[in-house]
Amino acid sequence: MLEAKSGQTLAERWESVEERLARACQRAGRRRDEVLLLAVSKVFPATAIEEAYALGMREFGENYVQEFEGKAPLVKHLAGARFHLIGHLQSNKSKRAGELFDVVQTVDSAKLARRLAEAAVGEQLEVFLEVKLSEEEAKHGCAPEELPGLVEAVRGMPKLRLRGLMTMPPWSEDAEVARPYFRRLRELAEGLGLKELSMGMSNDLEVAVEEGSTMVRVGTALFGSRKLLQA
Ligand SMILES: *Cc1c(COP(=O)(O)O)cnc(C)c1O
């Protein structure tokens with residue numbers, strides 16, 4: 001379990017995360033470069049992104065379109081930095097999201113995909129389909145039964161590039177609770193010919209790597225507790 005490691009620097013926390021990833025990859029017989037580390041900077045100010053960028057991080061995750069709208073002008077100059085929307089997207093914000101983000105990981109309906117495709121200016125927008133695998137009411141994502149239809153719809157949209165699936169298991173202190181959800185996502189992706197799996201967060205990234213994650217989304221273990229900022 002994590003504790004708030006507020007005494008540590010970002011560089012030190014990054015090193016700890018890298019050590020965890022390296023060990024997990026080794027255990028799973030995978031190469032470290034098969035797993036992308038997405039630095040989840042939600043709630044933290046633009047200066048946190050700049051600091052992470054200066055250390056060498058390039059891929060960042062944000063949850064709220066409105067919040068990132070404020071930060072985007074401050075981080076636009078960071079060449080090669082890429083921004084992923086990992087929070088739920090309301091369709092009335094989809095146009096703005098298509099403009100602001102390089103990757104949208106929370107596509108869960110053909111309607112939303114169509115709106116993003118309409119908003120995508122110039123290059124293709126990269127997308128992941130968010131899948132709801134737990135029974136919790138509050139979770140977003142499409143049902144596994146809806147996936148084949150959604151995949152087909154998105155593959156038919158030239159403005160979108162479908163990279164893979166994303167999921168968020170019910171939160172638990174015990175990382176093992178997430179394992180069956182991660183495994184299920186991998187099986188679904190394999191069945192649909194999708195290569196990428198966005199799964200695993202600060203407390204369960206090892207389990208996610210063991211189950212085939214190609215992208216772990218890590219906030220707290222890198223930037224520290226968000227509670228200090230949200231209080
Ligand atoms: C906040 C968030 C994360 C990061 O969570 P941590 O536990 O802080 O690592 C990852 N994915 C999504 C979808 C999130 O909302």
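Predicted model: local features only at pLDDT ≥ 70, side-chain atom pairs only at ≥ 80, totals over all residues.
Which side chain does the side chain of Glu-211 join through a polar contact of 2.8 Å? It is that of Arg-179.

Glu-211 sits in the loop that runs between helix H8 and strand S8. Is Glu-211 buried or exposed? With a relative accessibility of 3%, Glu-211 counts as buried, because buried means under 20% relative accessible area. Setting aside neighbours within four places in sequence, the contacts of Glu-211 are Arg-179, Phe-182, Arg-183, Arg-186, Leu-197 and Met-199. Arg-179, the polar partner of Glu-211, belongs to the stretch 179-192 that forms helix H7.

Helix H1 covers residues 10-28, 19 residues in all. From the first C-alpha to the last, H1 reaches 27 Å, close to the 27 Å expected at 1.5 Å a residue. Which residues of H1 are buried? They are Leu-10, Arg-13, Val-17, Arg-20, Leu-21, Ala-24 and Cys-25. Viewed down the axis of H1, these buried residues fall within an arc of 130 degrees, so they line one face of the helix.

On the face turned away from the buried side, H1 carries the exposed residues Gln-26 and Arg-27. Gly-29 follows H1, and its phi is positive, near 65 degrees.

Helix H6 spans residues 147-155, and its buried residues are Leu-147, Leu-150, Val-151 and Val-154. Seen down the axis of H6, they fall within an arc of 100 degrees, so they too line one face of their helix. What do the buried residues of H6 pack against? Their partners are strand S4 (103-107), helix H5 (110-119), strand S5 (125-130), strand S6 (160-166) and helix H7 (179-192).

## The ligand site

Around the ligand there are 13 residues, of which Lys-42, Asn-63, Ser-202, Thr-220 and Arg-226 come nearest.

| Residue | Distance from a polar side-chain atom to a ligand oxygen atom |
|---|---|
| Ser-202 | 2.5 Å |
| Arg-226 | 2.8 Å |

On its own, the ligand has 380 Å² of accessible area, and the protein covers 93% of it.

Two further residues can be visited from here. Val-43 lies in the loop between S1 and H2, and it has a positive phi of about 75 degrees although it is not a glycine. Val-43 is partly exposed, with a relative accessible area of 22%. Ser-225 lies in the loop between H9 and helix H10 (227-230) and is buried, at 18% relative accessible area. A polar atom of the Ser-225 side chain lies 3.1 Å from the backbone nitrogen of Lys-227.

## Two loop residues with side chains reaching the backbone

Asp-102 is found in the loop between helix H4 (94-100) and S4. Its relative accessibility of 29% makes Asp-102 partly exposed. Where does the side chain of Asp-102 reach at 2.7 Å? It reaches the backbone nitrogen of Phe-83. Phe-83 is also among the residues that Asp-102 touches beyond four places in sequence, along with Ala-81, Arg-82, Leu-125 and Glu-126. Asp-102 and Phe-182 are 80 residues apart in sequence, and their C-alpha atoms are 24 Å apart in space.

His-77 lies in the loop between helix H3 (65-75) and strand S3 (82-85). At 54% relative accessibility, His-77 counts as exposed. The side chain of His-77 reaches the backbone oxygen of Leu-74 at 3.3 Å. Between the C-alpha atoms of His-77 and Met-166 there are 28 Å, with the two residues 89 apart along the chain.

How values were computed. Residues numbered from 1 in each chain as written. Heavy atoms only, no water. Helix = DSSP H or I, 4+ residues; strand = E, 2+ residues; numbered from the N terminus. Expected span 1.5 Å × (residues − 1). Buried < 20%, exposed > 50% of the residue type's maximum accessible area, 1.4 Å probe, protein only. Arc of directions from axis to C-beta. Polar contact = N/O pair within 3.5 Å; in protein donor to acceptor, adjacent residues only side chain to side chain. Near = heavy atom within 4 Å. Areas by Shrake-Rupley, 256 points an atom, 1.4 Å probe, with all protein chains shown as cover. Contact = heavy atoms within 4.5 Å.
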